[in-house]
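Q: Please take a close look at the ligand site of this model. What surrounds the ligand, and which polar side-chain atoms lie by an oxygen atom of the ligand?

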Amino acid sequence: MKFFIDTADLDEIRECASWGALSGVTTNPSLYAKTGGKLADFEGHMVKICEICEGLPVSAESTATTTEGMVEEGRRLAALAPNIVVKLPICAESLAACRTLASEGIKVNMTLIFSVPQALLAARAGARYVSPFVGRYDDIAEDGVERVADIVAAIGNYDFGWWNEEGGVEIIAASLRTPNHVTQMALIGADIATVPYAALKKCLTHPLTVNGLASFEADWKKVTAEA
Ligand code: G3P
């Protein structure tokens with residue numbers, strides 16, 4: 001499973017990219033708003049993310065509401081950097097826009113996916129990525145892990161490799177809030193986990209690692225004191 005970071009914060013992206021284990025970035029309008037960014041700076045901000053993560057896919061979301069608007073905005077976003085992926089929320093208009101953009105070689109990440117049929121329709125329209133949400137299911141007292149497991153299984157039943165040279169559609173498990181969500185996504189075989197900064201930091205640590213390191217350091221002090 002690949003790790004993406006789910007943020008538009010440049011410092012968070014820089015830090016996590018420096019670990020050497022990051023495979024991409026996802027953003028959305030809420031995450032950009034959280035940075036305090038203004039509309040006029042949006043495209044420049046996306047370019048900065050693309051430069052930090054050169055060669056890695058960076059999802060930038062269109063806020064257009066018509067097929068024509070999504071295609072136009074998608075083309076403009078895709079022209080910002082070679083690693084831009086155009087993110088579209090699933091609906092009839094975005095399916096049509098996805099097909100047009102995909103046929104032009106522009107990668108689309110279809111987001112706000114909550115069901116198997118939505119995921120299959122997005123893949124059929126040529127989406128390079130589909131993003132089902134886990135945490136928002138948990139928020140309404142449903143089992144987000146189970147719902148996304150269904151989507152992983154259903155997409156895996158079919159070959160979408162005909163759409164692109166990279167082997168078809170990949171599932172980005174989104175709306176992940178905890179290391180356990182990440183574990184569960186790996187166990188069900190999601191291709192990618194897009195994880196917010198705070199949860200990604202938690203994935204890096206474990207109390208037994210902290211204790212183990214403290215005892216290694218204490219014992220090494222004894223060795224160096226005797227030298
Ligand atoms: O990538 C989608 C994600 O940002 C949504 O997360 O926690 O707002 O449900 P959340």
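A: The shell around the ligand consists of 2 nonpolar, 2 polar and 4 charged residues; here Ala, Val, Leu, Ile, Met, Phe, Trp, Tyr, Cys and Pro count as nonpolar, Asp, Glu, Lys and Arg as charged, and the others, Gly among them, as polar. This is a predicted model, in which local features need pLDDT of at least 70 and side-chain atom pairs pLDDT 80 or more, while totals for chains, interfaces and linings use all residues. Residues are numbered from 1 along each chain as its sequence is written, and side-chain values use heavy atoms, without hydrogens and water.

Surrounding the ligand are Asp6, Asn28, Lys87, Phe133, Arg136, Ala174, Ser175 and Arg177, where a residue counts if one of its heavy atoms lies within 4 Å of the ligand. The protein buries 81% of the 310 Å² that the ligand exposes when taken alone, with accessible areas from the Shrake-Rupley method and a 1.4 Å probe.

The ligand takes up the space of the largest pocket. A pocket is an open set of points on a 1 Å grid over the protein atoms alone, with protein on both sides within 12 Å along at least five of seven lines; a molecule sits in it if more than half of its atoms lie within 2 Å of its grid points.

Terms used. On a 1 Å grid over the protein atoms alone, a cavity is a set of points where a 1.4 Å probe fits but cannot get out, and a pocket is an open set with protein on both sides within 12 Å along at least five of seven lines; lining residues have an atom within 4 Å of a point.
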